Amino acid sequence: MTRPLSIVSLLPELLGTNGDAANARVLAQRARWAGADATVVEVRSAADLPDQVDAVVVGSGSDSDMVRARDILATMTTELRTWATAGVPILLVGTGWELLSWGIELADGSVVEGLGIVAGRAVPMPARATDDIVVASRFGRLIGFENHRRSYVGGEAAPLGQVLSGSGNGAGAEGLVMGSVVGTHLHGPVLAKNPGLADHLLRAALARIGHEYLPGDDSLAADEMARAARNQIAVRLGLPME
Amino acid sequence: MRYAPAILLGRIVRKLARWRKPGGGSAIPGLVVNRIAPGFLPRSLNSFPGGLVIVTGSSGKSTTTKMLVAALRAHGTVVFTNQSTANISQGLTSALLEQASLSGHIAGDIAVLEMDEGHGALISGTLTPRVVALTNVMVDQIDRFHDSNMVAAMLAKIAARATGTVVVNADDQYLTDLAARLPVSSAVARYGVSADVLADNPRGLGYSATTATRLDAGEGMLLTSVQGRRATVSIAGVDYPLGLPARGTHYAVDALTALCTAQAALGDRFDPVLAINAISAIPPVFGRGEIVTVRGQQVEFVLVQNPASFQLNVDSLEPKTEQILIAIGSDVRDPSYFWPVNTSGLGRVRIASGSKAHDIALQLVYDDVVVDRIEPNLGLALDDFLALPEPLAGLKTIIFSADSMRRTRTHLGLVTNKEEQE
Ligand SMILES: [Zn+2]
């Protein structure tokens with residue numbers, strides 16, 4: 001390993017309401033468990049951006065901070081576009097995902113323009129979705145928690161998976177996958193709870209700098225805890241255990 | 001005698017409610033009286049000779065109110081206050097009914113009310129408090145349908161009712177902005193922590209937004225040091241030592257708020273030594289750094305109610321504490337809740353327990369905390385934890401969510417303090 005893996009957490013305070021920023025911590029820790037050095041770089045403005053970026057995490061925030069967060073993210077539009085094109089894994093959660101889309105329609109009919117980096121836009125739902133969510137995806141069955149009042153349209157071509165329980169994007173699908181960019185409503189520690197998705201992103205990050213990823217021993221213990229936590233929810237929802 | 005029929009009826013309803021369900025039904029008489037005599041509550045609260053003091057804000061209200069009442073009583077003031085969590089209008093009216101004469105007069109010099117920011121805005125339109133004390137603006141997941149601006153707007157409504165002084169936490173940006181928009185007729189009293197105290201809390205004090213600069217000694221009361229359960233406050237340039245009911249900067253800030261509010265309420269009669277001695281004499285708080293003797297050994301209980309208090313409690317644990325049990329229960333609906341907290345300071349946890357045992361253990365291992373065992377059965381976890389040999393350093397420490405606290409106390413046969421369950 002020539003240099004530590006550099007994992008960027010974008011606007012960890014403005015876009016970290018639900019602990020989503022912790023996903024950067026999770027990627028770094030899994031990298032370390034696999035024997036790769038890794039650091040989390042918290043970026044609050046374009047001036048904080050490191051020279052090398054190997055993975056990016058953007059979380060969700062409150063609607064009152066949305067425009068402020070968008071205005072800061074907009075100063076990094078070129079970088080975000082470059083990373084997405086170059087295959088740098090980018091995890092977008094909730095508001096962070098919405099802000100990188102074409103835009104966000106609000107309940108009063110106004111629109112917050114997005115950065116236009118991923119396809120689709122967020123539109124108001126009749127009622128807030130707040131519950132456990134289960135998604136069948138090619139990274140395994142994902143289980144998490146959703147809390148949002150907008151659905152997502154225009155990303156139907158490439159969802160993250162199909163909803164088994166919960167609301168997701170609003171029409172049976174959940175999330176968005178565009179190359180190395182993954183958008184999801186599963187907030188909080190989605191990567192800790194679903195190591196299949198974490199390892200997909202980490203494998204991509206390491207492959208870009210010529211390294212193969214083999215999960216470390218410590219991650220096996222953590223993944224067992226995650227499996228138990230997921231099974232608890234699956235049982236409550238009447239779904240089969242893993 | 002305007003309210004005599006309502007008061008009499010309220011008392012009858014109270015008797016009936018207790019007869020049906022001993023110890024219960026406390027809000028029902030208030031509901032009845034509020035329905036037939038809606039003026040009773042505001043008129044009674046506005047009629048104290050020393051006026052009404054309202055304590056409100058996102059966090060620290062109960063502790064601050066308790067300390068303020070102790071400080072006022074130490075000055076010989078007779079205080080009416082809303083004990084327990086009767087901080088909604090029915091509960092308040094019921095509490096007032098207990099003490100009202102038939103003319104509606106309530107013995108006492110001053111009323112001190114703890115008010116939830118939401119309820120406060122609801123009933124404060126009819127109240128004319130002399131002093132309003134604002135603790136802070138914090139938004140956590142319990143409150144996540146409220147954003148900081150909404151909370152600040154509700155507090156501004158309450159503050160706007162003050163006829164005398166608004167007491168403001170100068171470290172809180174939302175409250176500082178709020179104070180700047182008050183009418184010029186309002187007096188503002190400020191309190192804040194010193195730069196050193198803030199530096200000792202590298203992750204801040206949990207406020208939604210912290211001001212960039214610290215208060216000067218000439219601008220208000222200062223908290224100048226916190227060490228365990230000892231703190232120092234600076235009042236008009238004089239340093240006073242202060243004892244706290246539990247370890248942690250947030251308790252010291254609560255005490256500072258109480259002192260600043262007592263001064264605003266008492267004016268020239270305020271004696272810092274009397275107030276500080278009364279606050280220092282408050283017994284340790286249940287469930288938040290409370291030390292109890294269980295099965296012949298001392299155990300420390302730490303209640304975490306939101307990410308901010310979790311972080312402050314992790315950061316203020318006695319260094320080298322080596323025997324920790326952590327129990328998170330079903331009251332934490334969404335396990336994402338605690339992930340903003342950096343738990344690495346715990347080092348090693350002997351048992352993770354509660355119905356969210358796997359979730360909290362998962363967070364701990366990602367923070368490099370060693371987790372010896374996951375035991376979702378809390379009773380079993382407690383028995384095995386208490387059976388461990390005496391720790392080499394620190395006390396056996398149990399960190400729990402509110403639900404796990406109740407279950408722990410029940411399992412260990414300890415009484416539950418209703419006042420502390422918010
Ligand atoms: Zn309380």
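Helices (H or I, at least four residues) and strands (E, at least two) are DSSP runs, numbered from the N terminus. On this basis, chain A has seven helices and twelve strands, while chain B has 15 helices and 15 strands. The model is predicted, so local features need pLDDT of at least 70 and side-chain atom pairs count only at pLDDT 80 or more, whereas totals for chains, interfaces and linings use all residues. Residues are numbered from 1 along each chain as its sequence is written, chains are lettered from A and ligands numbered from 1 in the order in which they are written, and side-chain values use heavy atoms, with hydrogens and water left out.

Buried residues (under 20% relative accessible area, with exposed over 50% and partly exposed in between; 1.4 Å probe, protein chains only) make up 57% of the 242 residues of chain A and 58% of the 422 residues of chain B. Contact means heavy atoms within 4.5 Å. Among contacts between residues at least 6 apart in sequence, 68% in chain A join residues at least 24 apart, and the corresponding share in chain B is 70%.

The tour of chain B can begin with its open sheet of nine strands, which has the order 2-3-1-4-5-6-7-8-9 and mixed pairing. Strands pair if DSSP finds at least two bridges between them. At the edges stand strand 2 (79–81) and strand 9 (238–243) of chain B, each pairing on one side only. Neighbouring strands of this sheet are turned by 20 degrees against each other on average, direction ignored. Within the sheet, strand 6 (residues 187–193) and strand 7 (residues 220–227) of chain B run parallel and are joined by four bridges; here Tyr191(B) stands opposite Met221(B) in strand 7.

Two helices of chain B meet these strands. Axes are lines fitted to C-alpha atoms, for helices over the stretch in contact, and angles run from 0 to 180 degrees between N-to-C directions. Helix 7 of chain B lies across strand 1 (52–56), strand 4 (131–134) and strand 5 (165–169), running at about 160 degrees to strand 4. Helix 8 (residues 173–180) of chain B packs on the sheet and touches strand 4, strand 5 and strand 6, its direction making about 150 degrees with that of strand 5.

The expected span of a helix is 1.5 Å times one less than its number of residues. For the twelve residues of helix 7 (residues 148–159) of chain B this gives 16 Å, in agreement with the 16 Å between its end C-alpha atoms. Its buried residues are Ser148(B), Val151(B), Ala152(B), Met154(B), Leu155(B), Ile158(B) and Ala159(B). They cover an arc of only 160 degrees around the axis, so they lie on the same side of helix 7 of chain B; the arc is that of the directions from the helix axis to the C-beta atoms.

Further along chain B, strand 13 (residues 348–353) and strand 14 (residues 370–375) pair in the parallel sense over five bridges, with Ala352(B) opposite Ile374(B) in strand 14. From strand 13 the chain crosses through helix 13 (residues 357–366) of chain B to strand 14, in a right-handed β-α-β crossover. Right-handed here means that, with the strands pointing away from the viewer, the path from the first strand over the helix to the second runs clockwise.

Two individual residues complete the picture. Thr408(B), in helix 15 (residues 402–411) of chain B, is buried, with a relative accessible area of 0%. Leaving aside neighbours within four places in sequence, Thr408(B) is in contact with Phe301(B), Leu378(B), Leu382(B) and Phe400(B). Leu303(B), in strand 11 (residues 297–303) of chain B, is also buried, with a relative accessible area of 4%. Leu303(B) and Asp403(B) are 100 residues apart in sequence and 9.9 Å apart in space, C-alpha to C-alpha.
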